[in-house]
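Student: I am new to this structure and would be grateful for a close look at a single part, the place where the two chains meet. Please take me through it in one connected account.

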Amino acid sequence: MFHIHCPYCDEWREEEEFHPRGQAHIARPEDPAGCSDEQWGDYLFFRDNPRGIHHELWVHAVGCRKFFNVTRHTQSYEILETYRIGERPRFTRDNPDGVVASAPESLDDSDIATAAQEVRA
Amino acid sequence: MQRYSGFALARHALSHHENWQRQWRNPTPKAAYDVIIVGGGGHGLATAYYLAKEFGVRNVAVIEKGWLGGGNTARNTTIVRSNYLWDEAAALYEHSMKLWEGLSRDLNYNVMFSQRGVLNLGHTLQDMRDIQRRVNANRLNGIDGEVLNARGVQEIVPILDCSKNARYPVMGASWQPRAGVARHDAVAWGYARGADALGVDILQQTEVTGFKIRDGRILGVHTNRGDIEARTVGCVTAGNSGVMASLAGLRLPLESHPLQALVSEPLKPVLDTVVMSNHVHGYISQSDKGDLVIGAGIDGYNGYGQRGSYATVEHTLQAIVEMFPIFSRVRMNRQWGGIVDTCPDACPILSKTRIEGLYFNCGWGTGGFKATPGSGHVFAASLAKGEMHPLAAPFSIDRFHSGALIDEHGAAGVAH
Ligand SMILES: [Zn+2]
């Protein structure tokens, strides 16, 4: 059973309050009609499926109902961090210890935020 | 190969069963094979067996990083059925069903295939409409099936709560009499023994760590026991397929999830068929040993941990007790998880890749066990001829770009 820190509620809550929603940071193509079948299929269906550090989208379904990101190890299941939409992960496959080199910069996650708003609406 | 028979059993009794031949060898890897199968689960071993037996390709290695059938083959709930909705899926699973029906004789190995029937319950009007549609589709495809009302279900399973008092009353079910269960370990062992006898090298404790690829063509694999060459490699690695694909520089439309099952303490015979319910989310049968074999849903997150979450166990047992109040005080004995590679359309991938000679057979998700013989057979045909078998062709990875998905979610849902 996970104990998950919701970055919006700023509280640790039980896994049962949340739903996983698959891989995080998948940007919707800017111009869907201009995509090739290859590009559109890749966007819809193809996913990273690592045995190791993975960035995931979760929703605090029976809490604040907001979407946020989780960095989790898919073998140990350890949750390394949770962070808001639009923020950048500290722990990555290239930086598994989360060494902070410089100030975190904003990632363009506007599409995920939009999707989250649509689902909330 | 030493044949098994009642006579052999009696003869070996005289020597206290101490002189049975080992079921398969433990060979040293050769430098090269005609075909390498990566993954020694049921599907991989079946592929090797049919390659050697039906297609005359005997210079074959099965490379397994752990032990035979130690993955999902030994972790599923052993249900076998073929009542799938769409023509492509129905044809593949029914091909498998027909092989199941002669499998023990073919392998000279008792896989304990028991055609005790499978009920897929309906609890809502929409469930019943879907059931009618699926059973009609099955019958048009030559697959046995009946639509039962609640009374018909009650006659088959007297201990099922079919009363109006249930929280989700049973309105009816689909019934496939030819469906049933089989002994999962025996399937892996039977195929391994049969393949070994035909000359296939089964290399256990051998991990593929990379693929040897030159100019877009597969030339072999790197393993922890050295490099092994082959110009045809079939990757049959279930939950680990995404990891294997990334070793070859490929990406698959798969996500690996934990799927769990549990068994109870052994009971006297009480349930002589298989009952599945999508709506309340659980499925159950009773093994020949007497334990109730109970299946659950997948955990929603990706995971390779081969264990499931407690919440899923709780939901599953709620469903079982909802259907079978008589089981409310049965104690559970063991619980475990397997890693299933789920596809967006809930159908497998049997496919060539852009690397010539490298094939994948994966994406069976939550329902691969029932397909073991058919999957192995059509995949072996494809590897032997270099052209996908007609039953496998619709399951190409190209469908995720062409849009020709085979969307089995409606027919199969959770209950595999
Ligand atoms: Zn929250």
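Tutor: In this predicted model, the contact draws 26 residues from chain A and 27 residues from chain B. Between chain A and chain B an area of about 2300 Å² is buried, and carbon and sulfur atoms give 51% of it. On the side of chain A, the residues that lose the most area to chain B are A:Phe45, A:Phe46 and A:Asn49, which together account for 32% of what that side buries.

Charged and polar pairing can be considered next. The rule finds 1 salt bridge across the interface of chain A and chain B. This salt bridge joins A:Asp48 to B:Arg251, with the closest N and O atoms 3.0 Å apart. As for polar contacts, 12 residue pairs are counted between chain A and chain B, with both residues at pLDDT 80 or more.

It remains to ask which elements of chain A supply the side that touches chain B. Those that give two or more residues are β3 (19-23), α1 (37-45) and β4 (53-59) of chain A. Of these, α1(A) provides the largest share of the side that touches chain B, namely 5 residues. Sorted by class, the side of chain A that touches chain B comprises 8 nonpolar, 8 polar and 10 charged residues.

Notes. Residues numbered from 1 in each chain as written. Chains lettered and ligands numbered in written order. Predicted model: local features only at pLDDT ≥ 70, side-chain atom pairs only at ≥ 80, totals over all residues. Heavy atoms only, no water. Contact = heavy atoms within 4.5 Å. Buried area = accessible area lost by both parts, 1.4 Å probe. Salt bridge = Lys/Arg side-chain N within 4 Å of Asp/Glu carboxyl O. Polar contact = N/O pair within 3.5 Å; in protein donor to acceptor, adjacent residues only side chain to side chain. Helix = DSSP H or I, 4+ residues; strand = E, 2+ residues; numbered from the N terminus. Nonpolar A, V, L, I, M, F, W, Y, C, P; charged D, E, K, R; others polar.
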